[in-house]
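Hi everyone, thanks for coming.

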Amino acid sequence: MAKRESAPTIVVLGGINMDLIATAPRLPMPGETVRGGEFYTAPGGKGANHAVAAARLGASVRMVGRVGKDTFGPSMLDDLRADGIDVTGVSEDPVNASGVAVILLDDSRQNHIVAVYGANAACGDTELQAATSALDGADVLMLQLEIPFEVSLAAARAAKSMGVTVVLDPASAAPLPPGSLETVDVLTPNQTEATFLTKLEVRDLASARDAAHALVEMGVGLAVVKLGSEGVCYASREESGDVSAFRVEAVDTVAAGDAFGGALAVALAEGAGLKEAVRFGTAAGALAVTRPGAQEAMPSRREVEALMARR
Ligand code: ADP
């Protein structure tokens, strides 16, 4: 895909999280202590993942969100800065801890997860103002469902009035207030989220196509339904189609959808055609599943273009 003269500007308003992972031979029963194997931390949050995905693909990215006044906050911001992301729109919450997910993982990869949204759930007027000023001169606003939805919706309305494309990843699945999908230019649900939003059982390309059309009827400009290794179905009022997934050796599917979303946003902001933009997203998603982790798995532009050239 040809790169535009100047890098597109993407604003991400969303969740910033730290995963705290402990491995053990088996998961403990209530009240039981099990001796663990390893402990490690990994930066995540769908907002931060989208920001890293888009930055690695060449976009100029402005992150807006909230972290806690604890050791995780500065560390997560350092990680974002290391990818060249502007974090001046991220505030520090004086009371709430940084968002974390405490994850227990056993030898058969079964897990127990407690997600504490913390500072992410306290996003409000400060973040709305930061997002609104960050939108000046931006091409795309990326949103997810990990901060209070009314803040995202207000930012989406501001973006629309400024001619900025609104991309919403409706994850994790949650009911949306009536009429809110009309503010969304591009919606990128996975299979579960598409089923949840349309009440149609999405299980294959044919049912994904029906769901994509149903989402357009519900007010979305472009619906892109992600189907893991099956690929993607998309529909707008003018155009629809599907793109099959690249065949790769999958080692960890975490954040495949975030890689896809960041890449799709970059391609659309660069003015790529719809099918080409979706292909760019599927190449980024495929590369992300070949590596463990979330942000560390996000591919570079060179890697995505090399994979696209293979097909
Ligand atoms: P989410 O992570 O949001 O649930 P998906 O699992 O559907 O989203 O993955 C997003 C995209 O990443 C897919 O549409 C596909 O293009 C790519 N992808 C995911 N899993 C694989 C896989 N096993 N092989 C190749 N591509 C994949």
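This is a predicted model: local features need pLDDT of at least 70, side-chain atom pairs count only at pLDDT 80 or more; totals for chains, interfaces and linings use all residues.

Let's start with helices α7 and α8. Helix α7 covers residues 256-269 and helix α8 covers residues 274-289. Their axes come within 7 Å, and the crossing angle is roughly 150°. So how do these two run relative to each other, parallel or antiparallel? Angles over 145 degrees count as roughly antiparallel, and α7 and α8 are therefore roughly antiparallel to each other. The crossing where α7 passes α8 is right-handed.

What does the contact consist of? On the α7 side you'll find, among others, Ala256, Ala259, Phe260 and Ala263. They and their neighbours in the contact meet a set of α8 residues including Leu274, Ala277, Val278, Phe280 and Gly281. If you sort the residues of this contact by type, you get 15 nonpolar, three polar and no charged.

Okay, next pair: α5, residues 191-198, and α6, residues 205-217. Here the axes are 10 Å apart and the helices pack at an angle of about 50°. That makes α5 oblique to α6. This time the crossing is left-handed. From α5, the contact uses Ala194, Leu197 and Thr198, and from α6 it uses Ala211, Ala214 and Leu215. By type, that's five nonpolar, one polar and no charged.

Helix α3 spans residues 125-134, helix α4 spans residues 149-161, and their axes come within 10 Å. The angle between α3 and α4 is roughly 25°, and the two are therefore roughly parallel to each other. Their crossing is right-handed. Leu128, Ala131 and Thr132 of α3 touch Val151, Ala154, Ala155 and Ala158 of α4. Count the types in that contact and you have six nonpolar, one polar and no charged.

Now, the ligand. Which residues come nearest to it? There are 17 residues around the ligand, and the nearest are Asn190, Lys226, Gly228, Phe246 and Gly257. The side chain of Lys226 places an N or O atom 3.0 Å from an oxygen atom of the ligand. With Gly228, a backbone N or O atom is involved, 2.7 Å from a ligand oxygen. Gly231 also uses a backbone N or O atom, and the distance to an oxygen of the ligand is 3.1 Å.

Ser172 sits in the loop between β9 (165-168) and β10 (186-187).

The other one is Arg109. Its phi is positive, about 65°, even though this residue is not a glycine. You can find Arg109 in the loop that runs between β6 (99-106) and β7 (111-116).

Notes
Residues are numbered from 1 along each chain as its sequence is written. Side-chain values use heavy atoms; hydrogens and water are left out. Axes are lines fitted to C-alpha atoms, for helices over the stretch in contact, and angles run from 0 to 180 degrees between N-to-C directions. Helices (H or I, at least four residues) and strands (E, at least two) are DSSP runs, numbered from the N terminus. Angles under 35 degrees count as roughly parallel, over 145 as roughly antiparallel, 65 to 115 as roughly perpendicular and the rest as oblique. A crossing is left-handed if the near helix is turned anticlockwise from the far one by less than a right angle, and right-handed if clockwise. Contact means heavy atoms within 4.5 Å. Ala, Val, Leu, Ile, Met, Phe, Trp, Tyr, Cys and Pro count as nonpolar, Asp, Glu, Lys and Arg as charged, and the others, Gly among them, as polar. A residue is near a molecule or strand if one of its heavy atoms lies within 4 Å of it. A polar contact is a pair of N or O atoms within 3.5 Å; within protein, one must be able to donate a hydrogen and the other to accept it, and residues adjacent in sequence count only if both atoms are side-chain atoms.
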